[in-house]
Amino acid sequence: MPIIINLDRLLVDKKITLSELAEKVGITLPNLSILKTNKAKAIRFSTLEALCKALDCQPGDLLEYIKE
Amino acid sequence: MKLIGTKSIAEHLSKLLKIAYGVVLVSFFISLVLGTISLWRSGSLGLDNHISIKTPGINFDFSNLSYKANTKYMNFLFLSAVPSYLISAFIIKELSRILDTLVKEEPFVYANIVSIKKIAKALILGSILYTIIHFIIGLIITSVVQTPGVKLTTNLSIDGSMLFMGILLYLLAEVFKLGLIIKEEQDLTV
(Lines give C-alpha, C1' and ligand atoms only; values in the text may rest on other atoms or scores of the structure.)
Protein backbone atom coordinates (compact mmCIF):
# COMPACT_ATOMS: atom_id res chain seq x y z
CA MET A 1 0.00 0.00 0.00
CA PRO A 2 1.27 3.49 -0.78
CA ILE A 3 0.10 4.73 2.62
CA ILE A 4 2.63 3.95 5.32
CA ILE A 5 2.49 4.49 9.06
CA ASN A 6 5.52 6.08 10.69
CA LEU A 7 4.79 4.64 14.10
CA ASP A 8 8.31 3.27 14.73
CA ARG A 9 9.94 6.67 13.98
CA LEU A 10 7.50 8.45 16.29
CA LEU A 11 8.14 5.86 19.02
CA VAL A 12 11.89 6.60 18.83
CA ASP A 13 11.28 10.36 18.82
CA LYS A 14 9.01 10.24 21.84
CA LYS A 15 11.21 7.61 23.58
CA ILE A 16 8.30 5.27 24.28
CA THR A 17 7.99 1.51 23.74
CA LEU A 18 5.21 -0.20 21.83
CA SER A 19 3.78 -1.89 24.93
CA GLU A 20 3.78 1.42 26.83
CA LEU A 21 1.92 3.03 23.96
CA ALA A 22 -0.56 0.14 23.83
CA GLU A 23 -1.32 0.65 27.50
CA LYS A 24 -1.64 4.43 27.11
CA VAL A 25 -3.90 4.27 24.04
CA GLY A 26 -5.97 1.29 25.13
CA ILE A 27 -5.37 -0.90 22.08
CA THR A 28 -4.09 -4.45 22.37
CA LEU A 29 -0.44 -5.07 21.53
CA PRO A 30 -1.22 -7.41 18.59
CA ASN A 31 -3.44 -4.73 17.02
CA LEU A 32 -0.74 -2.10 17.49
CA SER A 33 1.79 -4.46 15.85
CA ILE A 34 -0.54 -4.82 12.85
CA LEU A 35 -0.48 -1.03 12.59
CA LYS A 36 3.29 -0.78 13.04
CA THR A 37 4.11 -3.42 10.46
CA ASN A 38 1.80 -1.77 7.89
CA LYS A 39 -0.46 -4.83 7.70
CA ALA A 40 -3.55 -2.81 8.67
CA LYS A 41 -6.21 -2.30 6.01
CA ALA A 42 -8.02 0.50 7.84
CA ILE A 43 -7.71 2.70 10.90
CA ARG A 44 -10.60 3.98 12.97
CA PHE A 45 -10.81 7.71 13.69
CA SER A 46 -11.04 6.89 17.39
CA THR A 47 -7.74 4.96 17.20
CA LEU A 48 -6.10 7.78 15.26
CA GLU A 49 -7.37 10.30 17.80
CA ALA A 50 -6.06 8.25 20.72
CA LEU A 51 -2.66 7.77 19.04
CA CYS A 52 -2.33 11.50 18.27
CA LYS A 53 -3.26 12.31 21.84
CA ALA A 54 -0.77 9.83 23.32
CA LEU A 55 2.08 10.77 21.00
CA ASP A 56 1.20 14.50 20.97
CA CYS A 57 1.30 14.74 17.20
CA GLN A 58 -0.87 15.34 14.11
CA PRO A 59 -2.36 12.59 11.89
CA GLY A 60 0.02 13.83 9.18
CA ASP A 61 2.98 12.88 11.36
CA LEU A 62 1.68 9.33 11.65
CA LEU A 63 0.55 8.73 8.09
CA GLU A 64 2.56 9.22 4.94
CA TYR A 65 1.70 8.81 1.29
CA ILE A 66 4.41 7.43 -1.00
CA LYS A 67 3.93 7.43 -4.77
CA GLU A 68 4.38 3.96 -6.22
CA MET B 1 -26.73 -26.93 25.46
CA LYS B 2 -24.19 -24.92 23.50
CA LEU B 3 -24.30 -25.02 19.71
CA ILE B 4 -20.57 -24.51 19.07
CA GLY B 5 -17.42 -24.82 21.17
CA THR B 6 -16.32 -27.60 23.50
CA LYS B 7 -18.98 -29.94 24.93
CA SER B 8 -21.45 -28.59 22.39
CA ILE B 9 -23.79 -30.10 19.82
CA ALA B 10 -21.07 -29.54 17.21
CA GLU B 11 -18.58 -31.65 19.18
CA HIS B 12 -21.03 -34.54 19.70
CA LEU B 13 -22.00 -34.41 16.03
CA SER B 14 -18.33 -34.44 15.05
CA LYS B 15 -17.74 -37.57 17.17
CA LEU B 16 -20.82 -39.22 15.64
CA LEU B 17 -19.59 -38.42 12.13
CA LYS B 18 -16.18 -39.92 12.90
CA ILE B 19 -17.89 -43.19 13.92
CA ALA B 20 -20.07 -43.02 10.80
CA TYR B 21 -16.95 -42.49 8.69
CA GLY B 22 -15.45 -45.70 10.07
CA VAL B 23 -18.68 -47.65 9.50
CA VAL B 24 -18.97 -46.41 5.92
CA LEU B 25 -15.33 -47.25 5.20
CA VAL B 26 -15.78 -50.79 6.57
CA SER B 27 -18.94 -51.19 4.47
CA PHE B 28 -17.03 -49.93 1.45
CA PHE B 29 -14.32 -52.58 1.84
CA ILE B 30 -16.86 -55.34 2.52
CA SER B 31 -18.88 -54.50 -0.60
CA LEU B 32 -15.70 -54.14 -2.64
CA VAL B 33 -14.38 -57.54 -1.53
CA LEU B 34 -17.78 -59.27 -1.82
CA GLY B 35 -18.40 -57.67 -5.20
CA THR B 36 -15.02 -58.67 -6.57
CA ILE B 37 -15.33 -62.23 -5.25
CA SER B 38 -18.85 -62.58 -6.67
CA LEU B 39 -17.65 -61.57 -10.13
CA TRP B 40 -15.23 -64.52 -10.19
CA ARG B 41 -17.82 -67.05 -9.09
CA SER B 42 -19.74 -68.97 -11.69
CA GLY B 43 -23.15 -68.78 -10.06
CA SER B 44 -24.89 -65.87 -8.43
CA LEU B 45 -24.80 -64.81 -4.82
CA GLY B 46 -27.86 -64.63 -2.64
CA LEU B 47 -30.44 -65.38 -5.32
CA ASP B 48 -33.09 -67.85 -4.22
CA ASN B 49 -35.91 -67.29 -6.69
CA HIS B 50 -36.86 -64.25 -4.72
CA ILE B 51 -36.17 -60.56 -5.23
CA SER B 52 -37.40 -57.39 -3.60
CA ILE B 53 -37.29 -54.01 -5.30
CA LYS B 54 -37.62 -50.99 -3.06
CA THR B 55 -38.77 -47.67 -4.44
CA PRO B 56 -39.70 -44.64 -2.37
CA GLY B 57 -43.22 -45.48 -1.23
CA ILE B 58 -43.68 -49.02 -2.54
CA ASN B 59 -41.69 -52.23 -2.01
CA PHE B 60 -42.13 -54.95 -4.63
CA ASP B 61 -41.50 -58.44 -3.38
CA PHE B 62 -41.31 -61.10 -6.11
CA SER B 63 -41.12 -64.78 -5.27
CA ASN B 64 -40.99 -67.95 -7.38
CA LEU B 65 -38.96 -66.15 -9.99
CA SER B 66 -37.48 -67.54 -13.13
CA TYR B 67 -34.60 -65.99 -15.01
CA LYS B 68 -34.42 -65.28 -18.70
CA ALA B 69 -30.69 -64.57 -18.82
CA ASN B 70 -27.53 -65.62 -17.02
CA THR B 71 -27.96 -64.76 -13.35
CA LYS B 72 -24.23 -64.06 -13.15
CA TYR B 73 -24.98 -60.47 -14.21
CA MET B 74 -26.84 -60.00 -10.93
CA ASN B 75 -23.47 -60.13 -9.19
CA PHE B 76 -22.74 -56.64 -10.51
CA LEU B 77 -25.32 -55.38 -8.02
CA PHE B 78 -22.85 -56.04 -5.19
CA LEU B 79 -20.34 -53.69 -6.81
CA SER B 80 -22.93 -51.00 -7.47
CA ALA B 81 -22.83 -49.93 -3.80
CA VAL B 82 -19.08 -49.20 -3.90
CA PRO B 83 -19.17 -45.69 -5.46
CA SER B 84 -21.95 -44.53 -3.16
CA TYR B 85 -19.96 -45.64 -0.09
CA LEU B 86 -16.93 -43.76 -1.41
CA ILE B 87 -18.90 -40.54 -1.95
CA SER B 88 -20.59 -40.85 1.45
CA ALA B 89 -17.24 -41.39 3.20
CA PHE B 90 -15.76 -38.37 1.42
CA ILE B 91 -18.67 -36.10 2.36
CA ILE B 92 -18.68 -37.33 5.98
CA LYS B 93 -14.95 -36.65 6.28
CA GLU B 94 -15.24 -33.10 4.96
CA LEU B 95 -18.28 -32.44 7.19
CA SER B 96 -16.41 -33.58 10.27
CA ARG B 97 -13.51 -31.28 9.29
CA ILE B 98 -15.94 -28.34 9.16
CA LEU B 99 -17.44 -29.35 12.52
CA ASP B 100 -13.94 -29.50 14.05
CA THR B 101 -13.47 -25.82 13.20
CA LEU B 102 -16.82 -25.12 14.88
CA VAL B 103 -15.57 -26.90 18.01
CA LYS B 104 -12.48 -24.65 17.94
CA GLU B 105 -14.86 -21.69 17.44
CA GLU B 106 -12.91 -20.56 14.37
CA PRO B 107 -15.23 -21.35 11.46
CA PHE B 108 -14.06 -18.45 9.26
CA VAL B 109 -11.04 -20.14 7.71
CA TYR B 110 -10.23 -20.71 4.08
CA ALA B 111 -10.07 -24.50 4.62
CA ASN B 112 -13.82 -24.52 5.31
CA ILE B 113 -14.58 -22.94 1.94
CA VAL B 114 -12.45 -25.63 0.28
CA SER B 115 -14.33 -28.32 2.25
CA ILE B 116 -17.76 -26.93 1.33
CA LYS B 117 -16.75 -26.74 -2.33
CA LYS B 118 -15.48 -30.34 -2.20
CA ILE B 119 -18.82 -31.50 -0.72
CA ALA B 120 -20.70 -29.57 -3.42
CA LYS B 121 -18.61 -31.17 -6.17
CA ALA B 122 -19.07 -34.63 -4.60
CA LEU B 123 -22.86 -34.11 -4.54
CA ILE B 124 -22.93 -33.04 -8.20
CA LEU B 125 -20.70 -35.95 -9.20
CA GLY B 126 -22.82 -38.29 -7.04
CA SER B 127 -26.07 -37.25 -8.73
CA ILE B 128 -24.57 -38.05 -12.15
CA LEU B 129 -22.97 -41.28 -10.94
CA TYR B 130 -26.14 -42.49 -9.20
CA THR B 131 -28.14 -41.81 -12.36
CA ILE B 132 -25.81 -44.08 -14.34
CA ILE B 133 -25.61 -46.74 -11.59
CA HIS B 134 -29.39 -46.86 -11.11
CA PHE B 135 -29.83 -47.14 -14.87
CA ILE B 136 -27.37 -50.05 -15.03
CA ILE B 137 -29.08 -51.77 -12.06
CA GLY B 138 -32.41 -51.31 -13.83
CA LEU B 139 -31.00 -52.73 -17.06
CA ILE B 140 -29.57 -55.78 -15.28
CA ILE B 141 -32.73 -56.54 -13.33
CA THR B 142 -35.07 -56.06 -16.29
CA SER B 143 -32.91 -58.19 -18.55
CA VAL B 144 -32.34 -61.02 -16.05
CA VAL B 145 -35.49 -61.31 -13.95
CA GLN B 146 -38.68 -62.68 -15.44
CA THR B 147 -41.84 -61.46 -13.73
CA PRO B 148 -44.96 -62.99 -15.35
CA GLY B 149 -47.79 -60.50 -15.53
CA VAL B 150 -45.62 -57.60 -14.41
CA LYS B 151 -43.68 -55.54 -16.90
CA LEU B 152 -40.40 -54.18 -15.57
CA THR B 153 -38.83 -51.30 -17.50
CA THR B 154 -35.91 -49.06 -16.70
CA ASN B 155 -35.54 -45.35 -17.22
CA LEU B 156 -32.79 -42.77 -16.96
CA SER B 157 -33.68 -40.24 -14.28
CA ILE B 158 -31.36 -37.68 -12.74
CA ASP B 159 -31.31 -37.32 -8.96
CA GLY B 160 -32.50 -33.73 -9.06
CA SER B 161 -32.42 -33.01 -5.33
CA MET B 162 -28.75 -34.00 -5.01
CA LEU B 163 -27.77 -31.96 -8.05
CA PHE B 164 -29.72 -28.97 -6.73
CA MET B 165 -28.14 -29.31 -3.27
CA GLY B 166 -24.67 -29.50 -4.80
CA ILE B 167 -25.13 -26.36 -6.89
CA LEU B 168 -26.71 -24.50 -3.96
CA LEU B 169 -23.85 -25.52 -1.66
CA TYR B 170 -21.30 -24.31 -4.21
CA LEU B 171 -23.03 -20.92 -4.28
CA LEU B 172 -23.11 -20.87 -0.47
CA ALA B 173 -19.34 -21.48 -0.46
CA GLU B 174 -18.92 -18.35 -2.59
CA VAL B 175 -21.08 -16.39 -0.11
CA PHE B 176 -18.92 -17.77 2.71
CA LYS B 177 -15.83 -16.58 0.82
CA LEU B 178 -17.24 -13.03 0.66
CA GLY B 179 -17.89 -13.26 4.41
CA LEU B 180 -14.30 -14.32 4.98
CA ILE B 181 -13.02 -11.27 3.06
CA ILE B 182 -15.19 -8.97 5.22
CA LYS B 183 -13.97 -10.72 8.36
CA GLU B 184 -10.32 -10.28 7.29
CA GLU B 185 -10.96 -6.57 6.66
CA GLN B 186 -12.51 -6.27 10.11
CA ASP B 187 -9.57 -8.10 11.73
CA LEU B 188 -7.06 -5.77 10.09
CA THR B 189 -8.87 -2.60 11.16
CA VAL B 190 -7.33 -1.11 14.28
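This is a predicted model: local features need pLDDT of at least 70, side-chain atom pairs count only at pLDDT 80 or more; totals for chains, interfaces and linings use all residues.
Residues are numbered from 1 along each chain as its sequence is written, and chains are lettered from A and ligands numbered from 1 in the order in which they are written. Local features need pLDDT of at least 70, side-chain atom pairs count only at pLDDT 80 or more, totals for chains, interfaces and linings use all residues, and side-chain values use heavy atoms, with hydrogens and water left out.

**Nonpolar cores**

A nonpolar core is a set of buried Ala, Val, Leu, Ile, Met, Phe, Trp, Tyr and Cys residues joined through side-chain atoms within 4.5 Å. Buried means under 20% relative accessible area, exposed over 50%, and partly exposed in between (1.4 Å probe, protein chains only). The largest core has 22 residues, and the members that touch the most others are A:Leu7, A:Leu21, A:Leu32, A:Leu35, A:Leu51, A:Leu55 and A:Leu62. At least two residues of this core come from each of helix 1 (7–13), helix 2 (18–25), helix 3 (29–36) and helix 4 (45–55) of chain A. Helix 4 of chain A supplies the largest share, five residues. Helices (H or I, at least four residues) and strands (E, at least two) are DSSP runs, numbered from the N terminus.

Contact means heavy atoms within 4.5 Å. With neighbours within four places in sequence left aside, A:Leu32 contacts A:Leu7, A:Leu18, A:Leu21, A:Ala22, A:Ile27 and A:Leu51. A second, separate core of 12 residues includes B:Ile98, B:Ile113, B:Ile119 and B:Met162.

The expected span of a helix is 1.5 Å times one less than its number of residues.

| Helix of chain B | Residues in helix | End-to-end C-alpha distance | Expected span |
|---|---|---|---|
| Helix 1 | 32 residues | 46 Å | 46 Å |

In helix 3 of chain B, the buried residues include B:Ile87, B:Ile91, B:Glu94 and B:Ile98, and their cover includes helix 1, helix 2 and helix 4 of chain B. B:Glu105 follows helix 3 of chain B and has a positive phi, near 60°.

**Hairpin of chain B**

Strand 1 (residues 50–54) and strand 2 (residues 59–63) of chain B run antiparallel and are joined by five bridges; two strands pair if DSSP finds at least two bridges between them. B:His50 lies opposite B:Ser63 of strand 2. The two strands form a hairpin with four residues between them, and B:Gly57 in the turn has a positive phi of about 110°.

**Selected residues of chain B**

B:Thr142 is in helix 4 of chain B and is buried, at 16% relative accessible area. Its side chain reaches the backbone oxygen of B:Gly138 at 2.7 Å. Not counting residues up to four places away in sequence, B:Thr142 touches B:Lys68, B:Leu152, B:Thr153 and B:Thr154.

B:Lys151 sits in the loop between strand 4 (145–146) and helix 5 of chain B and is exposed, with a relative accessible area of 73%. The C-alpha atoms of B:Lys151 and B:Leu163 are separated by 30 Å, with the residues 12 apart along the chain.

Definitions and conventions: A polar contact is a pair of N or O atoms within 3.5 Å; within protein, one must be able to donate a hydrogen and the other to accept it, and residues adjacent in sequence count only if both atoms are side-chain atoms.
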